[in-house]
Amino acid sequence: MNALEVSNLAFAYGARQALQDLSFRVEAGSFAALLGPNGAGKSTLIALLTRLYDLQQGDIRVMGNSLGQQPRQALRQLGVVFQQSTLDLDLSVEQNLRYHAALHGLAKTQAKVRIDEELTRQQLDERRHEKVRALNGGHRRRVEIARALLHRPRLLLLDEASAGLDPASRLALNRHVRQLCRDQGLAVLWTTHLLD
Ligand code: ADP
Ligand code: MG
């Protein structure tokens, strides 16, 4: 089973071709890194995978569901951490997560259980009542990962999640995500311009 199947994808911003004839697969439960310099088209790919942009050419399947034909089934399987953080800095860690759970239609009691679970998994439990503003970059990324996993996706997309972090935090984040992948059977697609 493939968690993700990208076939002959092409995308242009007007006259500027950003992606051309891109095909690859990520097997269920596996970790994949997509390495490319700035401007290579990584964030464009993430925007297509999350349906921020409509497909122009090619096909994307998430856990066998076509993003074009079965968008709900496909999107439900996706968790995403965008390149630019989308946390509200003035809300606490827990408030950010609660807001997201509500957006996904999780009932309050279920949301509470999952938030507890994810915060423990991300070793953020003790910081749940702090404002996100008080957290360092590595911990903010962990909050975003916790948030991305609340609805139990099978594929986690990370766009440049380690950019802007110091080497020790980069290493910690990398280990952490690989462990999620091993322990949860989660497939991961991590884009980066950083060779390490
Ligand atoms: P990466 O994330 O790998 O740095 P992007 O996907 O952001 O690459 O960009 C790929 C190419 O598309 C670049 O040449 C970039 O300048 C161009 N591009 C990205 N977003 C837009 C946009 N909204 N309008 C026009 N060109 C864009
Ligand atoms: Mg980018």
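## A tour from Phe-31

Start by selecting Phe-31, which is partly exposed at a relative accessible area of 23% (buried is under 20%, exposed over 50%, partly exposed in between, using a 1.4 Å probe and protein chains only). Before you click on: this is a predicted model, where local features need pLDDT of at least 70, side-chain atom pairs count only at pLDDT 80 or more, and totals for chains, interfaces and linings use all residues. Residues are numbered from 1 along each chain as its sequence is written, chains are lettered from A and ligands numbered from 1 in written order, and side-chain values use heavy atoms, leaving out hydrogens and water.

**Next: the aromatic rings**

Rings of Phe, Tyr and Trp (its six-membered ring) pair if their centres lie within 6.5 Å; planes under 30 degrees apart are stacked, over 60 edge-to-face, the rest tilted. Select Phe-11 and Tyr-53: this pair is stacked, at 5.3 Å centre to centre with 10° between the planes. Phe-11 belongs to strand S1 (residues 2-13), while Tyr-53 is in the loop between helix H1 (42-49) and strand S4 (57-62), 42 residues apart. (Helices, H or I, have at least four residues and strands, E, at least two; both are DSSP runs numbered from the N terminus.) Phe-11 is buried at 6%, whereas Tyr-53 is partly exposed at 32%.

Back to Phe-31, this time with Trp-190: the ring centres are 6.1 Å apart and the planes at 50°, so the pair is tilted. It joins strand S3 (residues 31-35) to strand S8 (residues 187-192), 159 residues apart. Trp-190 is buried, at 6%.

Finally, show Tyr-13 too: Phe-11, Tyr-13 and Tyr-53 make one aromatic cluster.

**Then: the magnesium ion**

Select ligand 2. Its protein donors are Ser-43 (OG) and Gln-83 (OE1), 2.2 to 2.3 Å away. Ser-43 is in helix H1 and Gln-83 in the loop between strand S6 (78-81) and helix H3 (93-103), so the pair ties together parts 40 residues apart in sequence. Donors are N, O and S atoms within 2.8 Å of the metal (3.2 Å for Na, K and Ca); water is not among the atoms, so sites may look incomplete.

**Zoom out**

Switch to cartoon view: the chain has six helices and eight strands. Its C-alpha trace spans about 45 × 35 × 30 Å along the principal axes.
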